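Please consider the structure shown here.

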Amino acid sequence: MLLTTLILGAVLGGTYALLALGLTLQYGIARIMNLAYGELTLIAAFVLVWAFQGLGLSPIISILLLAPAGYLVGWALYTVMMGPLVRRAGGSGRLEVDSILATFGLLFLIQGVLLLTAGPNFTSISYLDRGVSVFGVSVAANKLVAFGICVVAGGALVVALARTRWGLTLRAVALSPVSAPLVGIDVNRTMRQGFALGTALAAVAGGTLAMYQTFSATGGVVFTMKALVIVIMGGVGNVGGALAAGLALGLVETFVATAIDPGLTLAATFAIFLIVLLWRPQGLFRRR
Amino acid sequence: MRKTLSLALPLAALVLLAAAPLVASAYQLGLLLGMATYVTLASAWALFSGHTRYISLATVAFYGTGAYTVAVLNESLPYPVVLAVAGVIGAGLALVVGLSTLRLAGIYFVIFSFGLSELIRELITWYEVNVTGTLGRYIFLDITARGIYWQMLALGAFTIGLTAWIHRRRLGLALRVIGDDETVAAHSGIHLARVKLIVFVLASTIITLAGAIASPRWVYVEPSIVFNPTVSFLTVIMALLGGANRLWGPALGAVPLFLVFEWLSSDFPDTYPIILGLLFIAVVFVLPNGVLAGIERLRQRRKA
């Protein structure tokens with residue numbers, strides 16, 4: 001029983017960690033608080049379902065295609081919508097308010113399009129729906145595949161951010177957008193990359209989610225909320241913190257769903273959020 | 001002269017609006033009530049968010065809480081007591097939210113308010129399904145549409161009056177300084193968290209009362225009906241369009257936008273949220289400070 005909760009929680013936590021990783025890149029590097037993040041995730045989830053049902057495309061191939069598509073969408077969104085706001089704010093605190101408002105509008109726009117095209121009902125696919133024994137616990141194969149994708153995508157990104165020159169550039173802008181140009185970094189380009197990369201992660205996370213969970217066009221707010229809470233828990237801009245906090249939230253949520261009631265998972269998220277706010281608002285893993 | 005005019009004009013308008021139901025048809029009364037509701041919501045929202053720039057996305061969390069309180073208590077308590085209880089619950093909820101987030105940077109407040117209505121909806125649904133065993137309640141109150149309209153009109157007038165009064169007090173000055181620069185505000189001796197908390201609780205209580213007053217119109221109440229996120233969305237866009245940091249800005253945005261939304265939602269029910277989203281983004285891009293500020297800027301340019 002406990003082992004089941006642990007394994008299922010880790011699977012869910014993998015997707016959450018990936019979701020939060022994308023959001024922390026967008027907020028940490030591009031300084032955009034993206035409230036439409038969950039809706040972007042849902043677009044990817046719906047695309048995967050349509051590709052599977054309509055074209056018979058394997059979800060794994062879909063996710064491989066969704067990642068670059070998400071990057072392009074994020075790139076375009078930043079160029080058309082966020083860039084002008086960044087320029088208008090000119091480094092002042094106004095960007096935060098403007099980006100919150102603009103993405104709040106985007107949230108309704110995307111939700112409206114999804115409701116129009118997909119309707120309000122819950123959707124899911126049955127892919128690799130047979131059980132596989134893991135430490136004596138029967139887990140659906142699709143969940144294991146999804147978890148594997150999350151580990152590979154998340155792990156690759158963590159290594160790239162820590163080890164490559166490109167990762168160093170991204171981290172420099174996250175740390176100080178004012179001093180980054182002094183060492184020859186094109187801040188605007190890096191911010192756009194950070195935003196696009198975050199959207200790509202949202203797309204991959206949405207794809208893995210669609211492999212094993214039911215979802216509906218109106219559920220985006222909850223995903224954004226969970227990703228935001230994980231980001232705060234891990235400390236804004238802290239990639240390792242986001243991964244650990246994402247796993248932790250997946251575990252807590254699965255525990256609450258199995259031991260208490262599946263209708264209280266958002267309440268569990270909020271409870272964690274409250275504890276973090278009152279105890280360590282700078283994030284659980286940040287050094288003071 | 002200007003001062004008496006700025007008091008006499010609104011009072012005359014209030015008297016006219018209060019007399020309107022005597023000649024209005026049922027449909028027109030419904031429109032008037034909707035306008036009064038959104039003027040109240042947008043003005044109360046702007047009371048806190050307009051100057052501090054702390055964007056609250058939780059309007060419907062309070063509005064729905066007010067409506068649901070009436071739904072639960074309307075058969076066991078007299079109506080004025082139910083309203084008072086709704087106000088107290090709204091204030092208590094705002095205290096919890098404010099105490100846990102307003103000491104920190106604005107972003108924590110935004111995030112908390114973003115998920116708040118979903119959370120309350122989930123909690124009430126869980127409670128109703130597991131404890132009381134009935135999802136959905138009826139409101140049978142002996143209140144006419146006219147009565148609801150007059151109450152809402154009074155609440156709206158009170159909200160605008162309160163905003164005007166606060167703006168002339170030290171509290172209003174403190175709010176404006178916080179909105180301009182929190183560091184400066186802290187250095188000039190303003191107790192940041194306390195000022196923000198007082199105004200947030202006031203605004204949230206008004207919004208909760210608005211939900212409680214409007215609730216008899218529904219008759220049948222269910223969490224998914226009263227916690228409709230569109231309400232939060234409309235409130236923010238109305239206040240922004242008019243100008244959230246002006247006294248009459250929210251009212252100026254609420255009246256025309258309410259009529260536009262009425263028309264859109266009846267004639268284009270499917271594409272309505274899409275148009276709404278586009279409109280919202282357009283307002284943020286084109287009129288970030290509202291119509292009133294835009295007009296002033298145009299005038300100044302013409303003078304120069």
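Q: In which element is A:V222 placed?
A: A:V222 belongs to helix α8 of chain A, where helices are DSSP runs of H or I with at least four residues, numbered from the N terminus. The model is predicted: local features need pLDDT of at least 70 and side-chain atom pairs count only at pLDDT 80 or more, while totals for chains, interfaces and linings use all residues. Residues are numbered from 1 along each chain as its sequence is written, and chains are lettered from A and ligands numbered from 1 in the order in which they are written.

Q: Why does A:V222 count as partly exposed?
A: A residue is buried with 20 or more other C-beta atoms within 10 Å of its own, exposed with 12 or fewer, and partly exposed in between, the C-beta atoms being placed from the backbone. A:V222 has 18 C-beta neighbours inside 10 Å, and therefore counts as partly exposed.

Q: Which residues is A:V222 in contact with, leaving aside its neighbours within four places in sequence?
A: They are A:G38, A:L266 and B:E118; contact requires C-beta atoms, placed from the backbone, to lie within 7 Å.

Q: How many residues does each chain bring to the contact between chain A and chain B?
A: Chain A gives 33 residues and chain B gives 31 residues. On the side of chain B that touches chain A, α5(B) has the largest share, with 13 residues.

Q: What makes up the contact of α2(A) with α3(A)?
A: A:A44, A:V47, A:L48, A:A51 and A:F52 of α2(A) meet A:P59, A:S62, A:L66 and A:G70 of α3(A).

Q: How do you know that the span of helix α9 of chain A agrees with its number of residues?
A: The expected span is 1.5 Å times one less than the number of residues. For the 21 residues of α9(A), residues 239–259, this should be 30 Å; the end C-alpha atoms are 30 Å apart, so the two agree.

Q: Which elements do the buried residues of α9(A) pack against?
A: They pack against α1, α5, α8 and α10 of chain A. Among the buried residues of α9(A) are A:V239, A:L243 and A:L247.

Note on methods
Helices (H or I, at least four residues) and strands (E, at least two) are DSSP runs, numbered from the N terminus. Two residues are in contact if their C-beta atoms, placed from the backbone, lie within 7 Å.
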